[in-house]
Amino acid sequence: MGNYQGMMKIVHKKELVKDVYEMVLNGDAASFIKNSGQFINIKLTDTLQPYLRRPMSICDYDESNIKIIFKVVGEGTKILANKECGDTLDCLIGLGNGFEDLEARKVIVVGGGLGVPPMYNLTKQLLSHGVEVTAVLGFNSESDVFYKKEFEELCPTVIATMDGSVGIKGTVIDAIEAKQLSFDKYYACGPEKMLDALILKYPDNGYLSFEARMGCGFGACMGCSCRVKTKPYKRICVEGPVLKSSEVIVNG
């Protein structure tokens with residue numbers, strides 16, 4: 001599956017909750033996105049600082065637009081958050097494998113924090129395949145919750161917060177158990193600890209999107225390699241970011 005380097009214009013920017021931004025990028029290169037769960041790699045400046053592009057998961061897309069949601073956590077994302085509508089960004093587009101196995105009867109999509117965005121388009125794709133979908137979204141606190149309404153407009157949605165300020169108190173697994181959700185498959189993206197916990201609890205029929213620090217974003221530098229059961233390693237940017245639960249080696 002090829003990728004493409006193209007210029008994308010910022011046509012929408014909105015702060016959803018504190019330091020979390022929704023941004024829509026417009027350009028013909030959007031057509032190179034083929035699967036939910038793929039990502040883009042954005043060049044932030046014309047200088048050497050910051051040197052590396054920033055990988056961003058894709059919340060939604062069509063032939064002309066790519067929607068991303070990101071949190072300001074460092075200098076790179078701060079630069080991106082300060083961009084304005086009309087600015088253009090140099091992007092590598094169509095990276096990663098994405099979620100490719102969408103055939104099932106009943107599934108849950110699980111998003112934790114900034115792992116929520118890629119679950120949005122995936123949910124739409126699953127629904128278009130006639131799959132029964134329930135979304136389970138986990139956050140630290142009510143003040144961190146975003147896209148609750150957007151998911152509720154698509155499918156039954158369960159919210160979990162670690163402090164119990166909204167929804168079910170605890171982790172996404174606590175929410176799955178509290179609601180006694182049954183499913184044939186699950187799809188997930190979020191912090192590695194959350195993904196590890198899901199794999200230990202549900203070792204089969206899971207598809208998990210991993211986040212990793214990346215150098216190039218297209219497999220040349222090997223900087224995002226991870227060990228798996230099926231071979232010595234896989235590169236998150238090429239053979240991932242989506243891995244099967246049955247092949248992942250849980251750390252610790």
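Trainee: Which residue forms a salt bridge with Lys18, and how far apart are the closest N and O atoms?

Mentor: Side chains of opposite charge can pair when their charged atoms come close. A salt bridge here is a side-chain nitrogen of Lys or Arg within 4 Å of a carboxyl oxygen of Asp or Glu. Lys18 pairs in this way with Asp19, with 3.8 Å between the closest N and O atoms. Please bear in mind that this is a predicted model, in which local features need pLDDT of at least 70, side-chain atom pairs count only at pLDDT 80 or more, and totals for chains, interfaces and linings use all residues. Residues are numbered from 1 along each chain as its sequence is written, and side-chain values use heavy atoms, with hydrogens and water left out.

Trainee: Are Lys18 and Asp19 buried, partly exposed or exposed?

Mentor: The classes rest on relative accessible area: buried is under 20%, exposed is over 50%, and partly exposed lies in between (1.4 Å probe, protein chains only). Lys18 is exposed because its relative accessibility is 65%, whereas Asp19, at 27%, is partly exposed.

Trainee: How many salt bridges are there in the whole structure?

Mentor: The search finds 7. One of them joins the side chains of Glu22 and Lys67, at 3.8 Å from N to O. This pair links distant parts of the chain, with Glu22 in strand β2 and Lys67 in strand β6, 45 residues apart. Glu22 is buried, since its relative accessible area is 8%. Another salt bridge joins Glu152 and Lys148, at 2.7 Å from N to O. Both of these residues belong to helix α3 (residues 148–152) and stand 4 residues apart, about one turn of the helix. Glu152 is partly exposed at 40% relative accessibility, and Lys148 is also partly exposed, at 31%.

Trainee: How many helices and strands does the protein chain have?

Mentor: Helices (H or I, at least four residues) and strands (E, at least two) are DSSP runs, numbered from the N terminus. By that rule the protein chain has 5 helices and 16 strands.

Trainee: What aromatic pair do Tyr21 and Phe70 form?

Mentor: Rings of Phe, Tyr and Trp (its six-membered ring) pair if their centres lie within 6.5 Å; planes under 30 degrees apart count as stacked, over 60 as edge-to-face, and the rest as tilted. The count comes to 11 aromatic pairs. Tyr21 and Phe70 are stacked, with 5.8 Å from centre to centre and 20 degrees between the planes. Tyr21 is in strand β2 and Phe70 in strand β6 (residues 65–71), so the pair ties together parts 49 residues apart in sequence. Tyr21 is buried at 15% relative accessible area, and Phe70 is buried at 2%. Elsewhere, Tyr120, Phe139, Phe146, Tyr147 and Phe151 make up one aromatic cluster.

Trainee: Which residues have the most contacts inside the largest nonpolar core?

Mentor: In soluble globular proteins, nonpolar side chains tend to be buried together. A nonpolar core is a set of buried Ala, Val, Leu, Ile, Met, Phe, Trp, Tyr and Cys residues joined through side-chain atoms within 4.5 Å. The largest one has 28 residues, and those with the most contacts inside it are Phe99, Val109, Leu122, Leu126, Phe146, Phe151 and Tyr187. Two or more residues of this core come from each of β8 (106–112), α2 (117–128), β9 (132–139) and β12 (185–189). A second, separate core has 23 residues, including Leu25, Ile79, Ala81 and Ile93.

Trainee: What does Phe99 touch, leaving out residues up to four places away in sequence?

Mentor: A contact means heavy atoms within 4.5 Å. Phe99 touches several residues, among them Asn35, Met119, Leu122, Tyr187 and Val242. Asn35 lies in the loop between β2 (20–26) and β3 (39–43) and is buried, with a relative accessible area of 17%.

Trainee: How many disulfides does a search of the whole structure find?

Mentor: A disulfide is a covalent bond between the sulfur atoms of two cysteines. With the criterion of a pair of cysteine sulfur atoms within 2.5 Å, the search finds 0. Cys59 is buried at 0% relative accessibility, and Cys155 is buried at 6%.
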